[in-house]
Amino acid sequence: MTAKIKLYTNHGCPWAHRAHIALAELKIPFEEEIIDLSVPRTPEYLAINPRGLVPSLSYNGQIITESAIVAQFLADAYPSHLVPNGGTPEAALTRARINFFVDTFFSKVNSLYHKALFAKTDEEAEEAAAEFVKQLEKEVEPLLSDAGPYFGGSKTLTLAEVCYHKNKRDETLEKT
Ligand SMILES: N[C@@H](CCC(=O)N[C@@H](CS)C(=O)NCC(=O)O)C(=O)O
């Protein structure tokens with residue numbers, strides 16, 4: 001039986017794009033509900049996700065929140081080219097490599113990118129940009145030595161791209 005999937009989302013939210021990309025890549029039919037982030041969340045939505053954030057996924061009525069967890073859940077529930085399913089050391093290693101890459105990008109360099117993007121002066125922007133490039137070279141580049149065209153030399157999109165695609169969290173998003 002086909003699962004009933006509903007994505008609570010906002011198209012301006014880069015975190016929600018992770019769920020959209022995973023669903024599109026896996027060709028999973030789903031219904032969506034747009035959550036207006038410019039107003040307080042409704043009690044109905046807070047009952048679905050008490051944190052009030054998007055994305056949230058309903059899978060046959062089971063709620064899954066946090067974009068990385070939603071993307072991982074979809075990749076696990078629908079075995080595909082995105083990530084090898086568990087059960088072998090090789091698959092576990094690929095998953096560990098992907099998780100480490102995503103963790104590294106978001107814990108080590110992402111905030112520097114935003115610091116540069118939203119700097120108040122040119123000087124601040126240049127300083128943050130230089131630090132961003134330095135950390136990118138140090139932390140991220142070594143993890144991409146075999147990337148081409150996709151993570152780990154994959155010929156197709158992987159869970160790394162699904163989770164990393166995020167490129168711009170601009171302040172206007174809070175208003176969408
Ligand atoms: N860690 C969360 C972050 C999600 C997130 O911050 N979503 C924003 C929109 S991009 C949101 O729902 N903001 C509403 C709010 O903060 O009230 C995830 O990865 O799902």
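Predicted model: local features only at pLDDT ≥ 70, side-chain atom pairs only at ≥ 80, totals over all residues.
Me: How many helices and strands does the protein chain have, and in what order do the elements run?

Reply: The protein chain holds six helices and four strands. Read from the N terminus, the order is β-α-β-α-β-β-α-α-α-α. The C-alpha atoms occupy a box of roughly 55 × 45 × 20 Å along the principal axes. Of the 176 residues, 37% count as buried.

Me: What span should helix α5 have, and what is the distance between its end C-alpha atoms?

Reply: At 1.5 Å a residue, the 19 residues of α5 (residues 122-140) should span 27 Å, and the end C-alpha atoms lie 25 Å apart, which agrees.

Me: Where on α5 do the buried residues fall?

Reply: An α-helix has 3.6 residues a turn, so residues three or four places apart point the same way. In α5, the buried residues are Ala128, Phe132, Gln135, Glu139 and Val140. Viewed down the helix axis, these buried residues fall within an arc of 80°, so they line one face of α5. They pack against α4 (89-117). On the other side of α5, the exposed residues are Asp122, Glu123, Glu126, Glu127, Lys134 and Lys138.

Me: Which residues are closest to the centre of the second largest pocket, and what classes make up its lining?

Reply: The second largest pocket contains about 260 Å³ of space. It is lined by 17 residues, of which Thr94, Arg97, Ile98, Phe151 and Gly152 are the closest to its centre. By class, the lining has nine nonpolar, five polar and three charged residues.

Terms used:
Residues numbered from 1 in each chain as written. Heavy atoms only, no water. 1 Å grid on protein atoms, 1.4 Å probe; cavity = no way out; pocket = protein on both sides within 12 Å on 5 of 7 lines; lining within 4 Å. Points joined across faces, edges and corners; volume = space filled by probe spheres on them. Nonpolar A, V, L, I, M, F, W, Y, C, P; charged D, E, K, R; others polar. Helix = DSSP H or I, 4+ residues; strand = E, 2+ residues; numbered from the N terminus. Expected span 1.5 Å × (residues − 1). Buried < 20%, exposed > 50% of the residue type's maximum accessible area, 1.4 Å probe, protein only. Arc of directions from axis to C-beta. Contact = heavy atoms within 4.5 Å.
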